[in-house]
Amino acid sequence: MEKLIQACIFDLDGVLTETAHLHYSSWKRLAAEWGFDLSPELNKQLKGVSRKASLDLILKWSDKTATDEEKAEMMERKNQWYLEEVDKLTPNDCLPYAIDFLDELDRNNIPYALGSGSKNAKTILAKIGLTQRFKWILDGNDVQIGKPNPKLFIKAAEAMNSDRSKTVVFEDAEAGISAALKGGFLAVSFGRDEEPKRISHFHLNSWEGVSLETVELGLLIEN
Ligand code: BG6
Ligand code: MG
C-alpha cells in the first residue's frame with residue numbers, strides 16, 4: 001500500500017522550540033521607543049510572519065512611518081536583542097518528545113525538511129542541537145515572500161522530491177497553516193493557538209505520545 005505520509009516539513013519557532021516570547025519582547029522594546037505598547041493580542045498576528053512584514057505591521061498599528069533606511073536599522077537592532085536571547089538556548093529548549101517523532105521518521109525512511117520563515121533558523125537549530133537531523137533546511141533566506149505565501153514549503157517539497165498532497169506541514173502559526181493549505185499540503189497545526197487549529201487538517205497539542213500512526217489516523221479521520 002502506498003504511504004499516506006511521504007515526507008514532512010517542520011516549522012521551527014513554536015513547533016520544535018519556543019522563541020515567540022523572545023521575538024515579542026524584542027519587538028515590544030523597539031515599539032516602546034516611540035511610545036507604542038505592543039499587546040500580546042496584536043503580537044499573535046506576528047507569528048510565522050517575516051521580520052520585515054512584522055515591522056511593517058507594528059508601524060501600521062502605531063500609525064508611524066519610517067524610511068527604508070530607518071526600517072533596516074530598526075530590524076537590525078531588534079534582531080540583535082533577539083539574538084542575545086537566542087544565544088542562551090540549549091538542547092533542553094527543544095520541545096519535549098519532538099526528537100522521538102524525528103527518530104520515528106528516520107526509522108521509517110520518511111524524509112523531512114525544515115521550513116522556517118526565520119533568517120536565524122540555522123543559528124537556532126544549532127543552539128538546540130538539531131542541525132545534524134535536517135538534511136534539508138529552508139528558511140527566511142531562501143524566499144523573497146514569507147508565509148502565508150507557500151513558496152518556502154513548495155521549495156522544501158521540491159528539494160525532497162515529494163508529492164505535496166502527501167507531505168505534512170507542521171505549523172503553529174495561522175500564516176503557516178494558510179501557506180500549507182495554499183500549497184496543497186497536508187496541514188497539521190501544533191500548539192495552543194485556536195486560529196491555526198480552526199483551519200488545519202489535524203491538530204496536535206504537543207509531541208507527547210505522537211507517532212506516525214497518530215498523524216496518519218488523525219488526517220484520515222478528520223478529512
Ligand atoms: C518566524 C517567527 O519563525 O520567523 C516570526 O514565527 C518571525 O515571529 C519570523 O518574525 C522571522 O524571524 P527572524 O529570525 O528572521 O527575524
Ligand atoms: Mg512558528
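**View 1. The two domains of the predicted model.** Domain bounds here come from an automatic or database domain assignment. That assignment divides the protein chain into domain 1 (7-17 + 91-222) and domain 2 (20-86). Taken over C-alpha atoms, the centres of domain 1 and domain 2 are 24 Å apart. The contact (heavy atoms within 4.5 Å) takes 11 residues from domain 1 and 10 residues from domain 2. The model is predicted: local features need pLDDT of at least 70 and side-chain atom pairs count only at pLDDT 80 or more, while totals for chains, interfaces and linings use all residues. Residues are numbered from 1 along each chain as its sequence is written, chains are lettered from A and ligands numbered from 1 in the order in which they are written, and side-chain values use heavy atoms, with hydrogens and water left out.

**View 2. The shell around ligand 1.** Ligand 1 is surrounded by 14 residues (a heavy atom within 4 Å), and the closest are Val49, Arg51, Ser118, Lys119 and Asn120. By class, the shell holds three nonpolar, seven polar and four charged residues; Gly counts as polar, and Asp, Glu, Lys and Arg as charged. Because domain 1 and domain 2 both give residues to this shell, ligand 1 lies between them.

**View 3. Polar contacts of ligand 1.** A polar contact is a pair of N or O atoms within 3.5 Å. A polar side-chain atom of Ser118 lies 2.6 Å from an oxygen atom of ligand 1. Backbone N or O atoms also approach ligand oxygen atoms: one of Lys119 at 2.7 Å and one of Leu46 at 3.3 Å. The protein covers 95% of the 390 Å² of accessible area (Shrake-Rupley method, 1.4 Å probe) that ligand 1 has on its own.

Conventions. Polar contact = N/O pair within 3.5 Å; in protein donor to acceptor, adjacent residues only side chain to side chain.
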